[in-house]
Amino acid sequence: RCLSDWSSDVCSSDLLEILSEQRITTTKGVQHTKRKWLPLPDSVKESFRLFAKGMGAPLAVDYGVSGYSDLCNLFETRNRLMHPKTTFDVAVNPQNVETANQGIHWLHETCAEVFQQCTAHTADMIETVLKSISARTSR
């Protein structure tokens, strides 16, 4: 079991499914445990959200920009190449390459922004604690 017993008190059932990568289904009254993976675009969002949550920082990521759309298209191209249905599904054109480059660039830049947001938040928290300690010791 990968999550401790207290996790059900702290986490929603949806979050527990994401973290454990399992879901319980019932078929004809019998419960079954199945693997559950997030689609890659949702996994990217959830990774950023959980990282910021772990750092205790607010998160501001704009998923409405073309870079995120390009990243999603990159995943679609990847899936098409890895699971071809026709012989034409293994073709890659210059537009696919450019879209992939833009998506990867967006991911790189967004990672840097999220890390910067978390670093700034942590620095603010440390400064607040140090000021509090300083105020108490100067009395």
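Tutor: Let's start with helices: they are DSSP runs of H or I with at least four residues, while strands are runs of E with at least two, and both are numbered from the N terminus. This is a predicted model, where local features need pLDDT of at least 70 and side-chain atom pairs count only at pLDDT 80 or more, while totals for chains, interfaces and linings use all residues. Residues are numbered from 1 along each chain as its sequence is written, and side-chain values use heavy atoms, leaving out hydrogens and water.

The protein has five helices and two strands, in the order α-α-β-β-α-α-α. Now for your part. Side chains of opposite charge can pair when their charged atoms come close. We call it a salt bridge when a side-chain nitrogen of Lys or Arg is within 4 Å of a carboxyl oxygen of Asp or Glu. That rule gives two salt bridges here.

One joins Arg49 and Glu46, whose closest N and O atoms are 2.6 Å apart. These two sit three residues apart in helix H3, so about one helical turn separates them. Glu46 is buried, at 13% relative accessible area (buried is under 20%, exposed over 50%, partly exposed in between, with a 1.4 Å probe and protein chains only). Arg49 is partly exposed, at 32%.

The other pairs Glu127 with Lys131, at 3.1 Å from N to O. They're four residues apart in helix H5, so again about one helical turn lies between them. Glu127 is partly exposed, at 40%, whereas Lys131 is exposed, at 53%.

You'll find Asp89 in the loop between helix H4 (66-82) and helix H5 (94-137). Setting aside neighbours within four places in sequence, Asp89 is in contact with Arg80, Leu81 and Pro84 (contact means heavy atoms within 4.5 Å). Of those, Leu81 is in helix H4, and it counts as partly exposed because its relative accessibility is 31%.
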